[in-house]
Amino acid sequence: MSAKNVGTRKNVTTVAWVVLLASAVLEAVWATALHASHGFTVLPDTIVFVVALSASMLGLGYAAKHIPIGTAYAIWTGVGAALTVAWAMLTGTETASLLKALFLVGIIGCAIGLKLVGHDDAPQDAASDSDVTAGGPPAPRPGHGA
C-alpha cells in the first residue's frame with residue numbers, strides 16, 4: 001500500500017470517528033426529544049426526534065463502514081447515553097449525584113479506551129470487495145439467497 005493510500009485511509013478513519021461522535025451527540029438529542037415529545041404528542045419535539053434519530057443512524061452507518069461495528073456501536077451508545085444522562089442532570093430532569101457523575105466519567109473513559117486500543121485498518125467489507133474484484137459474485141448473506 002502506498003504512502004498516499006495510508007494517508008487517505010487515516011483521513012477517512014478520522015472523519016469516521018468525528019462522524020461517530022457527532023452521531024452519539026445526536027443520540028442524546030433524539031433521546032431527550034423523545035422524552036420531551038410526551039409519546040409523540042408534542043409536534044416540535046417529535047420533529048426534532050425524527051430528524052436527530054435519522055441523522056444519528058446515518059452517521060452510525062457511515063462510521064461502521066470504517067470502524068469495527070462492535071467498537072462503533074459501543075461508543076455510540078455509551079457516549080450517547082452518558083450525554084443524555086448528563087444533560088438530564090444539568091437541566092434538572094434527573095437527579096444529579098456524585099455517584100452518577102462518577103459512573104458517567106467511567107462510561108466516557110471506556111469509550112476513550114476503545115478508541116485508544118485501536119483496530120486494524122482493513123476495510124470492514126474487504127471480503128465482499130475481494131470476491132467482486134476476483135470476478136465472482138459476493139457470497140450470499142445468511143438467509144438472503146442460495
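1. The model is a predicted one, in which local features need pLDDT of at least 70 and side-chain atom pairs count only at pLDDT 80 or more, while totals for chains, interfaces and linings use all residues. Residues are numbered from 1 along each chain as its sequence is written, and side-chain values use heavy atoms, with hydrogens and water left out.

2. Three aromatic pairs are found in a search of the whole structure, where rings of Phe, Tyr and Trp (its six-membered ring) pair if their centres lie within 6.5 Å, and planes under 30 degrees apart count as stacked, over 60 as edge-to-face and the rest as tilted. Phe 40 and Phe 49 make a tilted pair, at 5.2 Å centre to centre and with 55° between the planes.

3. Tyr 73 and Trp 76 also form a tilted pair, with centres 5.8 Å apart and planes at 35°; these two residues lie three apart in helix H3, and are therefore separated by about one helical turn (helices are DSSP runs of H or I, at least four residues, numbered from the N terminus).

4. Ring pairs also join Trp 30 to Phe 40 and Phe 49 in a cluster. As for accessibility (buried is under 20% relative accessible area, exposed over 50%, partly exposed in between, with a 1.4 Å probe and protein chains only), Phe 40 is partly exposed at 46%, whereas Phe 49 is buried at 11%. Tyr 73 is partly exposed at 45%, and Trp 76 is buried at 3%.

5. Leaving aside residues up to four places away in sequence, Thr 71 touches Trp 17 and Leu 114, contact meaning heavy atoms within 4.5 Å.
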